[in-house]
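This report walks through selected strand pairings, helix packing and a pocket. The structure is shown first, and the description follows.

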Amino acid sequence: MINLTPLIRPYFERRIRESVRWADDPRAEQERVLLWLINRAASTEWGRMHDYGRLSGYADYRRAVPQTSYREIRERMMRMIAGERDVLWPGVTRRFAQSSGTSDGKSKYIPVTDDSLRLSHYRGGADVVARYLHAFPDSRLFSGKGFILGGSFANELKLPAGSRVRVGDLSANLIENINPLANLVRVPDKATALMSDWHEKLPALVEKAIRADVTNISGVPSWFLTVLREMLKRTGASEIHDIWPNLEVFFHGGIAFGPYRDQYDAIITPGRMHYMETYNASEGFFAVQDCPDCRSMLLLMDVGTFYEFIPADTPDADPVPAWEVEPGRIYALVISSCNGLWRYPLGDTVKVESVSPLRITIAGRTKHFINAFGEEVMVYNTDAAITKACAATGATVLNYTVAPVYTSGGTRGRHQWLIEFDNPPADMEVFASLLDRLLTEENSDYQAKRAGGIFLDRLSVVSAKTGLFDSWLEATGKLGGQRKVPRLSNDRHIMDRMLEMNQSL
């Protein structure tokens, strides 16, 4: 393939120049974005309800519009899916991204409007490429193909016959609506990329990509690791550069890359590979790694999103805008965006690494969670699953905690549960299988990762000896009162320590 990089590079360099307008002073750009959002939605049901026609700036906006959780707009979202127009955003929305739900529902459905595609997701995607090309002037990124790993339109809804609405993974929406010219420089083809059955999709992906000259890959680290290992198995190669000698960069996001770095280095020549992190959620594309050696990401100010920040250490405090954040502090992120989300708490926490420009790192979730493999399992998911498992088996539980077991070698990842039973189940393996099935029923993202056992193995259960949880709390100075072991952890620090203690009791 002809190296098109010199011809395409000027388009992406334009995005670098545009960012100069707001990089050192985000206030003007963020105020412009907010006024555009307000004016654009003034005639919607939401805009009329909150008198958008009379709002003239941020001070008015924060007085008129409360923070709004998904639970509070679920009914409106379902009306939008049914085809009602001008509810939260102008017009009819035909695309929705299915994501992990809230406490009142298994899944939530985020509008993917024409404006959010154009201004947020695709513009953010262009930004990460622009930053990469700017950092590496000798890149030959467009001398070959990009391998984009996406999801499907499988979903939990029963849409009426003839409905034009599409509901599925964000990546499926992005792939389906991508500029046709982009298909000239990407694999696999759209039909393969949107397949829903992973038993069929995995070999199909390998077949489509194995003979392509892939220069860049994009996706979630845990998912892509499975695909790359299948490529090695299929070809007998010892590392990925034996298959794709011109591979130069992995654009990754969705989950933390750190736990996977060694595993990628084991199958990819480190000196020939670059990694660029992105913050692209169902709700929008928010930040990109803007230099190869930065551990932080540049928060994008002109992507149709207005940001607010709640100090994580004082969650009842009023949110502050981007121009009032302080470096070194951790904040919960609240957004208003061109998909009809208004002062919407994302559930993510970010640490402000610098303010000029505003760079962040993702600190975690506002509540305990596990998102080691993109599954976004929350405490209410695990509480519900274990309650049902105990009811079905007659077991009773005193305490439990859960942590990920990361992939290593040829093994897949899984969740490990450490449970202190008051009355244990008659068969622990039967209990574990039931608990696993019930968790898939509670969380659609965990269900997707478990489908066919391709990405995640069935969870495992370790029985805790009597008194383990109290012993751990006492050892950490937290015994008594309402102190408790975190139900879910996104790393193994607590779990490994408790397993050591369990052996010594």
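Strands here, like helices, are DSSP runs numbered from the N terminus, with at least two residues (E) for a strand and at least four (H or I) for a helix, and two strands pair if DSSP finds at least two bridges between them. E14 and E15 (residues 358-365) pair in the antiparallel sense over 7 bridges, and Thr 349 stands opposite Gly 364 in E15.

Strand E13 (residues 330-337) is joined to E14 (residues 344-355) by 5 bridges, the two running antiparallel, and Tyr 331 has Val 350 in E14 as its bridge partner. The hairpin of E13 and E14 has 6 residues between the strands, and in it Gly 340 takes a positive phi near 90°.

Residues are numbered from 1 along each chain as its sequence is written, and side-chain values use heavy atoms, with hydrogens and water left out. Because the model is predicted, local features need pLDDT of at least 70 and side-chain atom pairs count only at pLDDT 80 or more, whereas totals for chains, interfaces and linings use all residues.

## The mixed sheet and its helices

An open sheet is formed by 3 strands in the order E18-E19-E20, with mixed pairing. Strands E18 (396-405) and E20 (460-463) stand at the edges, each with a single partner strand, so one side of each is left without a neighbour in the sheet. Neighbouring strands of this sheet are turned by 25° against each other on average, direction ignored.

E18 pairs with strand E19 (residues 414-423) in the antiparallel sense over 9 bridges, and the bridge partner of Val 397 in E19 is Phe 421. Helix H12 (residues 379-393) lies across E18 and E19, running at about 130° to E18, while helix H13 (residues 428-442) packs on the sheet, touching E19 and E20, with its direction at about 120° to that of E19. Contact means heavy atoms within 4.5 Å; axes are lines fitted to C-alpha atoms, for helices over the stretch in contact, and angles run from 0 to 180 degrees between N-to-C directions.

## The second largest pocket

About 250 Å³ of space lies in the second largest pocket, the volume being the space filled by probe spheres set on grid points joined across faces, edges and corners. On a 1 Å grid over the protein atoms alone, where a 1.4 Å probe fits, a pocket is an open set with protein on both sides within 12 Å along at least five of seven lines, and lining residues have an atom within 4 Å of a point.

Of the 18 lining residues, Thr 226, Arg 229, Gly 410, Arg 412 and Ile 454 lie nearest the centre of this pocket. Helix H10 (residues 221-235) gives the most to the lining, with 6 residues.
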